[in-house]
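We will go from stop to stop, selecting a few residues each time.

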Amino acid sequence: MSTFYVHFERDSVMKRTLCVLLVLLLLFSTLPFTALAAQNGTERTPILLGYVDLDYLADEILREIPTAGKSDREKIKAVYDWIILNCSRSSWDGQYHIDEEAFVNGKADTYYAQVEADLEAGKIRLREELEAYAGIQGDMFFLSYDSRDYIASFAYEMMLYRAGNCAHYSALLALLLSHLGYDCRLIDGVFLNRDGSAVEHKWNYVLLDGKYYWLDVRMDHSIYTSTGSINHTYFMIESTDEWAKRHQWDRTYSNWLAANAGSIMSDVYQIETASPAAPSSPPANPWENCSDWARPTMEAAWHAGLIPRSLSGADLKQGITRQEFAAVAMQLYENLTGTPAPQVPSPFSDTSDPAVASAYALGVVNGVGGDRYAPKATLTREQAVTMLGRVCELVSTGSVSDGGILAAGMSNVPDSFTDGSEIAAYARNYVAYFAGTGVVNGMGGNRFAPQGTMTREQAIKVALETIKLE
């Protein structure tokens, strides 16, 4: 873990500057910063890492990279190519590429003051921690591969030495693209060599126009050193199946990013689009803002007390968020048991919603790590089915386990879907239960679409059908 401490064992003036900015990070990270339009070629709001020295150095590098007037893809390519042309995967040549003392002694205060002013004015924002820390094991502190501190450590070394491994390449790319306003994430896994061997590896996942794209600057650099040309074999690849031909990884984090790309762009980063249209007249009934097929179902669900007041009059065709779903789950729990959900303090730092706290206390929902619940993130179909299944399991058995009792005699049901192999292990028993009882049906082509977004009306329909099973 020595690379972590390289970033922090520096001049005391810099340490004080970092501490002050980290305090600002805590103060400002909960404020809604409004971004400029984020479509091709238009200006984006810079996303800073939150360490004033690294952010300054990133800005200095970007002065060398021509991006003015370019489209989004061209800007990303310009940064990608600069790293390939200016960094090395060989050992350090002994040359330092940044003058840190000059910054500390002559520019730190000015840059810090500008960052502070820009944060207050909403001209910049700070990078969101979407992947939680790995935490402490024994006396060792481990950093999550996509945390600010992990990126700070490896990006600093790459800017200082211009030499490093895949972690250095991907960290620097994430830092530089963030400064241009792109949400760029690190993914950890292995790279599959053509001889069948595998090596530990890291690469990037960047958000553009509502979807994430794969990038592997380290491997494209390897091709460059062999051929003398940049052929962008691993640049902005959309297909995950194509990417998986040479990369393997635990897809939990990347699947969550892909499923929530729209909400990350609009909710987490507050992307401002065209001016909203004038509000339409509210529906005559609180359940009516739904699809035609769902109207009688939503009316029945409302009268059964399954639609939370927070969704009264809401557009039920939209994807349901984790916070909204917790409310639906607790409505179902109270309906099935005839008792109120327990009222407990929220254990999460990003929501105080009582339904979320109740659902967590009952074992129906979990956090996403780092004391966070991610209340505005949308749910996938397999996540939603799992949460409602836990309610049924709790009511039936008095505790939450893995859904095995519910799925007794139905364990093979998920395999009846053409994409059954893609259903996560934690969700299979609950999918088996709801699909086997006819509560949940497949999508087109007999697909379950486990990573598809569950809409509000679909979730409420499942809750209503569940009551009929009792």
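**Stop 1: two facing residues**

Select Y205 and W214: in strand 7, W214 is the bridge partner of Y205. Strands here are DSSP runs (E, at least two residues), helices are DSSP runs too (H or I, at least four residues), and both are numbered from the N terminus. Before going on, note that this is a predicted model, in which local features need pLDDT of at least 70 and side-chain atom pairs count only at pLDDT 80 or more, while totals for chains, interfaces and linings use all residues. Residues are numbered from 1 along each chain as its sequence is written, and side-chain values use heavy atoms, with hydrogens and water left out.

**Stop 2: the sheet around them**

How many strands form the open sheet, and in what order? There are 4, in the order 7-6-5-8, with antiparallel pairing; two strands pair if DSSP finds at least two bridges between them. Strand 7 (211-215) and strand 8 (247-249) are at the edges with a single partner strand each, so one side of each has no neighbour in the sheet. From one strand to the next, the twist averages 45 degrees. Strands of a sheet pair through backbone hydrogen bonds, either parallel or antiparallel.

Walk across the sheet, pair by pair:

- Strand 6 (residues 198-208) pairs with strand 7 over 5 bridges, in the antiparallel sense.
- Strand 5 and strand 6 are also antiparallel, over 9 bridges. Select C184 and you will find V206 of strand 6 opposite.
- Strand 5 and strand 8 run antiparallel and are joined by 3 bridges. Here F191 has H247 in strand 8 as its bridge partner.

Zoom in on the hairpin of strand 5 and strand 6, where 5 residues lie between the strands. Select G196 there: this residue takes a positive phi near 95 degrees.

Next, colour strand 5 (residues 184-192) by itself. Of its 9 residues, 7 are buried, so strand 5 is largely enclosed by the rest of the structure. Buried means under 20% relative accessible area, exposed means over 50%, and partly exposed is in between (1.4 Å probe, protein chains only).

**Stop 3: a histidine in strand 6**

Select H201, which has its place in strand 6. Is H201 buried or exposed? With a relative accessible area of 2%, H201 is buried. Leaving out residues up to four places away in sequence, H201 touches several residues, among them C166, D188, F191, D216 and H247. Contact means heavy atoms within 4.5 Å.

**Stop 4: aromatic rings**

Display the side chains of F191, W203, Y205, Y212, W214, Y234, W243 and W249: ring pairs link these residues into a cluster. Rings of Phe, Tyr and Trp (its six-membered ring) pair if their centres lie within 6.5 Å; planes under 30 degrees apart count as stacked, over 60 as edge-to-face and the rest as tilted. By this rule there are 15 aromatic pairs.

Look at W203 and W249: their ring centres are 5.7 Å apart and their planes are at 85 degrees, so this pair is edge-to-face. Since W203 is in strand 6 and W249 in strand 8, the pair ties together parts 46 residues apart in sequence. W203 and W249 are both buried.

Now return to Y205 and W214. Their ring centres are 3.8 Å apart with planes at 20 degrees, so the pair is stacked. Y205 and W214 are both buried.

**Stop 5: two crossing helices**

Select helix 7 (residues 148-161) and helix 8 (residues 166-179). These helices pack at an angle of about 100 degrees, with their axes 8 Å apart. That makes helix 7 roughly perpendicular to helix 8. Axes are lines fitted to C-alpha atoms, for helices over the stretch in contact, and angles run from 0 to 180 degrees between N-to-C directions. Angles under 35 degrees count as roughly parallel, over 145 as roughly antiparallel, 65 to 115 as roughly perpendicular and the rest as oblique.

Residues that meet include Y150, F154 and M158 in helix 7 and H168, L172 and L175 in helix 8.

**Last stop: zoom out**

Show the whole chain: it has 18 helices and 8 strands. Buried residues make up 51% of its 470 residues.
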